[in-house]
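Hi,

Here is the model I promised to pass on. Have a look at it first, and then read my notes below.

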Amino acid sequence: MDVTEFEELIDRLGEDLSLWPDDRRVPAEELLARSSDAQALLDEARVLRQALAAPPVRAPAGLADRIVAAAAQTKSDTAEPRTEGETAGS
């Protein structure tokens with residue numbers, strides 16, 4: 001087994017080698033024993049799995065309303081002043 005095949009198997013079978021069929025797991029474990037690239041791939045897969053399993057990050061209550069209010073205020077602060085006699089559509 002080479003690193004490319006190992007990476008494909010991680011993508012298909014997951015990062016928990018104990019769940020792999022023996023005919024795939026044994027060569028993968030042998031590769032891991034001699035390849036730092038394979039070890040790095042497995043570590044990355046585990047970190048990714050942990051990140052995906054973490055609870056979602058929630059925005060504080062009212063954040064969207066505060067953003068919209070700030071945007072509206074910024075828009076009104078930067079609006080060009082009208083000259084006397086000018087209307088909104090001209």
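What follows is a walk through the helices, the core and a few local details.

First, the ground rules. This is a predicted model, so local features need pLDDT of at least 70 and side-chain atom pairs count only at pLDDT 80 or more, while totals for chains, interfaces and linings use all residues. Residues are numbered from 1 along each chain as its sequence is written, and side-chain values use heavy atoms, with hydrogens and water left out.

**The overall picture**

The protein chain has 4 helices and 0 strands, in the order α-α-α-α along the sequence. Helices here are DSSP runs (H or I, at least four residues) and strands are E runs of at least two, numbered from the N terminus. Of the 90 residues, 18% count as buried; buried means under 20% relative accessible area, exposed over 50%, and partly exposed in between (1.4 Å probe, protein chains only). The chain exposes about 7200 Å², and carbon and sulfur atoms supply 53% of that (areas by the Shrake-Rupley method with a 1.4 Å probe; for residues, only the protein chains shown count as cover). Among contacts with a separation of 6 or more, 50% are between residues 24 or more positions apart; a contact means heavy atoms within 4.5 Å.

**Helix α1**

Phe-6, Leu-9 and Ile-10 are the buried residues to look for in α1. Seen down the axis of α1, its buried residues fall within an arc of 105°, so they line one face of the helix; the arc is that of the directions from the helix axis to the C-beta atoms. On the face of α1 turned away from the buried side you will find the exposed residues Asp-11 and Arg-12. The cover over the buried residues of α1 includes α2 and α3.

At the start of α1, a side-chain oxygen of Asp-2 comes to within 3.3 Å of the backbone nitrogen of Thr-4. After α1 comes Gly-14, with a positive phi near 95°. The C-alpha atoms of Glu-5 and Ala-28 are 9.2 Å apart, although 23 residues separate them along the chain.

**Helix α2**

Helix α2 covers residues 22-34; at 1.5 Å a residue its 13 residues should span 18 Å, and its end C-alpha atoms are 19 Å apart, which agrees. (The expected span is 1.5 Å times one less than the number of residues.) Arg-25, Ala-28, Leu-31 and Leu-32 are buried in α2. Down the axis of α2 the buried residues fall within an arc of 130°, so they line one face of the helix. They pack against α1 (3-13) and α3 (36-53). The face of α2 turned away from its buried side carries exposed Asp-22, Asp-23, Ala-33 and Arg-34.

**The core**

Which residues make up the largest nonpolar core? There are 12: Phe-6, Leu-9, Ile-10, Leu-17, Trp-20, Ala-28, Leu-31, Leu-32, Ala-38, Leu-41, Leu-42 and Ala-45. The elements giving two or more residues to this core are α1, α2 and α3, and its largest share, 4 residues, comes from α3. (A nonpolar core is a set of buried Ala, Val, Leu, Ile, Met, Phe, Trp, Tyr and Cys residues joined through side-chain atoms within 4.5 Å.) Leaving out residues up to four places away in sequence, Leu-17 touches Phe-6, Arg-25, Ala-28, Glu-29, Leu-32 and Leu-42.

Ser-35 sits in the loop between α2 and α3; at 10% relative accessibility, Ser-35 counts as buried. A polar atom of the Ser-35 side chain lies 3.4 Å from the backbone nitrogen of Asp-37.

Cheers

Methods: Polar contact = N/O pair within 3.5 Å; in protein donor to acceptor, adjacent residues only side chain to side chain.
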